[in-house]
Amino acid sequence: MIRSAAALTWVPAGRGRLAILHRPKLALIPHLPRLGCDHVATLLSEKEGGDQIGARVRDAGLGWTWLPLPDARPPQGRRNQPVHAALAALAAELDAGRSLLVHCSAGIHRTGMFAYALLRWIGNDEAAALSATRPLTRDELSEERLRWANELIEAARRGKEEASGS
């Protein structure tokens with residue numbers, strides 16, 4: 001079990017910090033505040049126990065965002081709407097200087113594509129967003145996942161520009 005702050009690798013993300021991890025053991029969750037964590041983003045489905053993790057996270061006094069992604073494939077169409085909402089909410093957490101832990105089951109596919117999208121959402125270019133992910137996760141970021149994240153960010157930017165009349 002992770003018992004020291006050094007075991008979580010925090011990278012700067014906006015005004016806050018970001019760490020990527022596999023599914024945390026339920027026994028670890030009460031220790032997350034001591035490890036510097038303020039907020040947890042769970043990408044697991046209900047079937048995978050995402051709601052159980054959320055209950056433990058809330059019991060530990062941490063913020064929690066639940067974005068159930070059923071598999072490692074990039075969401076398409078309307079399935080991107082909750083992703084947009086989660087990216088905006090988590091970007092606000094980072095902007096407030098909080099430390100955010102993002103996880104799925106293995107901390108590789110779903111976590112990698114979502115963390116990359118979040119880093120792009122807060123203004124990192126592609127190279128910076130990639131370099132901020134852990135090597136194991138970065139190595140598994142397929143072109144399909146990177147393209148999904150980049151297209152998602154570009155669509156959000158276009159939407160903001162159209163809303164502002166630019």
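This is a predicted model: local features need pLDDT of at least 70, side-chain atom pairs count only at pLDDT 80 or more; totals for chains, interfaces and linings use all residues.
Q: What makes W64 and W66 an aromatic pair, and why is the pair called stacked?
A: The ring centres of W64 and W66 are 5.4 Å apart, and the cut-off for a pair is within 6.5 Å. The planes make 25°. Planes under 30 degrees apart count as stacked, so this pair is stacked.

Q: Why does W64 count as buried?
A: Its relative accessibility is 19%. Buried means under 20%, so W64 qualifies.

Q: Why does W66 count as partly exposed?
A: W66 has 30% relative accessibility. Buried ends at 20% and exposed means over 50%, so W66 falls in between.

Q: How do you know that the span of helix 6 agrees with its number of residues?
A: Helix 6 covers residues 143-164, which is 22 residues.

Q: Which helices do the buried residues of helix 6 pack against?
A: They pack against helix 2 (81-95), helix 3 (109-121) and helix 4 (126-131). Among the buried residues are W148, L152 and I153. Just after helix 6, G165 takes a positive phi of about 80°.

Q: What describes the packing of helix 2 and helix 3?
A: The angle is about 60°, and the axes are 10 Å apart. The crossing is right-handed.

Q: Which residues of helix 3 meet helix 2, and what classes make up the contact?
A: F114, A117, L118 and W121 in helix 3 meet residues of helix 2 including V83, H84 and L87. By class, the contact has 11 nonpolar, one polar and no charged residues.

Note on methods:
Residues are numbered from 1 along each chain as its sequence is written. Side-chain values use heavy atoms; hydrogens and water are left out. Helices (H or I, at least four residues) and strands (E, at least two) are DSSP runs, numbered from the N terminus. The expected span of a helix is 1.5 Å times one less than its number of residues. Buried means under 20% relative accessible area, exposed over 50%, partly exposed in between (1.4 Å probe, protein chains only). Contact means heavy atoms within 4.5 Å. Rings of Phe, Tyr and Trp (its six-membered ring) pair if their centres lie within 6.5 Å; planes under 30 degrees apart count as stacked, over 60 as edge-to-face and the rest as tilted. Axes are lines fitted to C-alpha atoms, for helices over the stretch in contact, and angles run from 0 to 180 degrees between N-to-C directions. A crossing is left-handed if the near helix is turned anticlockwise from the far one by less than a right angle, and right-handed if clockwise. Ala, Val, Leu, Ile, Met, Phe, Trp, Tyr, Cys and Pro count as nonpolar, Asp, Glu, Lys and Arg as charged, and the others, Gly among them, as polar.
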